[in-house]
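Student: I'm new to this one. Can you walk me through it?

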Amino acid sequence: MVRTYDKLVRDDIPDIIEENDERPVTHVADSDEHERRLAEKLDEEVAEFRESGEVMELADVLEVVYALAEGKGISPDELERLRAEKAAERGGFDDGIVLERVE
């Protein structure tokens, strides 16, 4: 049986597929395709979190975010610094404020 996916997967997935006596057909994305596929993967992982609410899905979202940042030359530590800086300037999302309109 052939299953078609055409999506970015974690690096060890082909090995896991082979361990199950199946043959993965893959290619390595160039930098432009990799960035595009990471953006698609981010959408996929966010949708999975929205559907399930599972914390492990948030870990997958973070993994993709870190990979996107790395592609822009930003380390996880630098990304966290930028996040904290923005939170200090504009606040976080702790209070649950919903902006309805500005009059």
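Student: What pattern does the chain follow along the sequence?

Tutor: Read along the sequence, the pattern is α-α-α-α. The chain has four helices and zero strands. Helices (H or I, at least four residues) and strands (E, at least two) are DSSP runs, numbered from the N terminus.

Student: Where does this model come from, and how are residues numbered?

Tutor: This is a predicted model, where local features need pLDDT of at least 70, side-chain atom pairs count only at pLDDT 80 or more, and totals for chains, interfaces and linings use all residues. Residues are numbered from 1 along each chain as its sequence is written, and side-chain values use heavy atoms, with hydrogens and water left out.

Student: What does the C-alpha trace span along its principal axes?

Tutor: About 60 × 30 × 25 Å.

Student: And how much of the chain is buried?

Tutor: Buried residues make up 11% of the 103 residues. Buried means under 20% relative accessible area, exposed over 50%, and partly exposed in between (1.4 Å probe, protein chains only).

Student: What share of the contacts joins residues 24 or more positions apart?

Tutor: Among contacts with a separation of 6 or more, such pairs account for 42%. Contact means heavy atoms within 4.5 Å.

Student: New topic: charges. How many positive and negative side chains are there?

Tutor: There are 14 positive and 32 negative side chains. The centres of the two sets lie 5 Å apart. Lys and Arg count as positive, Asp and Glu as negative; His and the chain ends are not counted. Each charge is placed at NZ of Lys, CZ of Arg, CG of Asp or CD of Glu.

Student: Why would charged side chains pair at all?

Tutor: Side chains of opposite charge can pair when their charged atoms come close.

Student: OK, how many salt bridges does a search of the whole structure find?

Tutor: The search finds 13. A salt bridge is a side-chain nitrogen of Lys or Arg within 4 Å of a carboxyl oxygen of Asp or Glu.

Student: Show me one. What does R37 pair with in a salt bridge?

Tutor: R37 pairs with D6, at 2.9 Å from N to O. R37 lies in helix α2 and D6 in the segment before α1, so the pair ties together parts that are 31 residues apart in sequence.

Student: Is R37 buried or exposed?

Tutor: R37 is buried, with a relative accessible area of 11%. D6 is exposed, at 58%.

Student: What else does R37 touch?

Tutor: Not counting residues up to four places away in sequence, R37 touches D6, K7 and L8.

Student: What is the phi of D6?

Tutor: Near 50°, a positive value in a residue other than glycine. D21 has a positive phi too, near 60°. D21 sits in the loop between α1 and α2, and D21 is exposed, with a relative accessible area of 75%.

Student: Which residues are linked in a network of salt bridges?

Tutor: K7, K41, E44 and E45. K41 is in helix α2, residues 31–52.

Student: Is K41 buried or exposed, and what is it in contact with?

Tutor: K41 is buried, with a relative accessible area of 11%. Leaving aside neighbours within four places in sequence, K41 is in contact with K7, L8 and V64.

Student: And what about E78 and R81? How do their side chains meet?

Tutor: They meet in a salt bridge, 2.7 Å from N to O. E78 and R81 are three residues apart in helix α4 (residues 76–90), so about one helical turn separates them. E78 is partly exposed at 27%, and R81 is partly exposed at 41%.

Student: Last one: what does E103 form a salt bridge with?

Tutor: R101, with the closest N and O atoms 2.6 Å apart. Both E103 and R101 are exposed.
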